[in-house]
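Take a look at the sequence and the fold below.

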Amino acid sequence: MHRFTRAIARLPAENFAEGLTTVSYGVPDFTLVLLQHVAYVEALRKAGVDVMVLDSNPAFPDSTFVEDTAIVANGRAIVTRPGASSRAGETGAVAQTLRLFFDELDTIEAPGTLDGGDVCEADGRVYVGISHRTNVSGAEQLAAWLKRSGIETTAVDIRDVDEILHLKSGIAHIGDDTFVAIEAVRSRVDLPGRVIVPVAEENYAANCVRVNDAVFFPSGYPRLQGALHDAGFHLAILNMSEYRKMDGGLSCLSIRF
Ligand code: CIR
């Protein structure tokens, strides 16, 4: 499994609660939002990652979900064209930061749209969700870009899976030939290796993320947590309650490379 040395995160803006959401779990408590972000960044650092934390920008209440704005693979970076128009302007600050690390930056072009949350890297293969954010053109542009690095892409159409916003809301590759995938995703794509399927009430926790030796895992999902622990994974448990209210998961708070 690739070892990450760097990550980009972005502080949540004070109007975080004005971002997009499809769920009704209440209004995020901004103090908790900040505390949960601090704990997340701390966990990245503890996992051996040098984290650059960008300033917040209230012009874009969803901009803390930085994963959606860029993909890094095999030492190359591509800036996305987010599928929600309110998020289009989020890419500027991220591109500026990526330029510190990459000589060349590619971009997804219109009419393509792509959110990083739809891109699941799994040991040399990438699964890309066709969703209400990522369209076929965006997925094809990404596939052509990855092919230049020898990476094959499998598209997974999740437009009819109401319970997830992005592909990675329903699948994670956690290393050691293991995926976590909700039933609706597992049944739509052939996955190599072991697939751990959460019980339906714990589907949110399918958005976990392997960072070096740890699997970042949300608190409050004891059955899946136990299954991953029993399978030998070392878990870093993080409270994501306030991000969940805005359709966010663990992976979306950083770009790791
Ligand atoms: C949105 O709807 O765009 C944000 N409120 C949540 C984005 C979550 N991103 C992700 O899962 N990669």
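The face of α1 turned away from its buried side carries the exposed residues Thr31, Leu35, Val38 and Lys46. Here exposed means over 50% relative accessible area, buried under 20%, and partly exposed in between (1.4 Å probe, protein chains only). Helices (H or I, at least four residues) and strands (E, at least two) are DSSP runs, numbered from the N terminus.

This is a predicted model, in which local features need pLDDT of at least 70 and side-chain atom pairs count only at pLDDT 80 or more, while totals for chains, interfaces and linings use all residues. Residues are numbered from 1 along each chain as its sequence is written, and side-chain values use heavy atoms, with hydrogens and water left out.

Helix α1 has buried residues too: Val33, Gln36, His37, Tyr40, Val41, Ala43 and Leu44. Seen down the axis, they fall within an arc of 155°, so they line one face of α1. The arc is that of the directions from the helix axis to the C-beta atoms.

In α3, the buried residues are Gly138, Ala139, Leu142, Trp145 and Leu146. Their arc around the axis is only 125°, which puts them on the same side of α3. The face turned away from that buried side carries the exposed residues Glu140 and Lys147. What do the buried residues of α3 pack against? Their partners are β3, β4 (76–79), β5 (105–107), β6, β7 (125–130) and β8 (152–157).

Both helices can be set against an expected span, which is 1.5 Å times one less than the number of residues.

| Helix | Residues | Number of residues | End-to-end C-alpha distance | Expected span |
|---|---|---|---|---|
| α3 | 136–147 | 12 residues | 16 Å | 16 Å |

Val180 lies in strand β10 (residues 178–181). At 0% relative accessibility, Val180 counts as buried. Contact means heavy atoms within 4.5 Å. Leaving aside neighbours within four places in sequence, Val180 is in contact with residues including Gly170, Ile171, Ala206 and Leu228.

Gly170 lies in the loop between β8 and β9. Gly170 is buried as well, with a relative accessible area of 0%. Beyond its neighbours within four places in sequence, its contacts include Ile164, Val180 and Val185.

## Two pockets

Rolling a probe the size of a water molecule over the atoms shows where empty space is left. On a 1 Å grid over the protein atoms alone, a pocket is an open set of points where a 1.4 Å probe fits, with protein on both sides within 12 Å along at least five of seven lines; lining residues have an atom within 4 Å of a point. Grid points are joined across faces, edges and corners, and a volume is the space filled by probe spheres set on the points.

The largest pocket has a volume of about 700 Å³. Of its 31 lining residues, His2, Phe4, Val72, Glu121 and Arg256 are the closest to its centre. The largest share of this lining, 4 residues, comes from β3.

The second largest pocket has a volume of about 550 Å³. It is lined by 30 residues, and Glu163, Ile164, Leu165, Ser169 and Asp247 lie nearest its centre.
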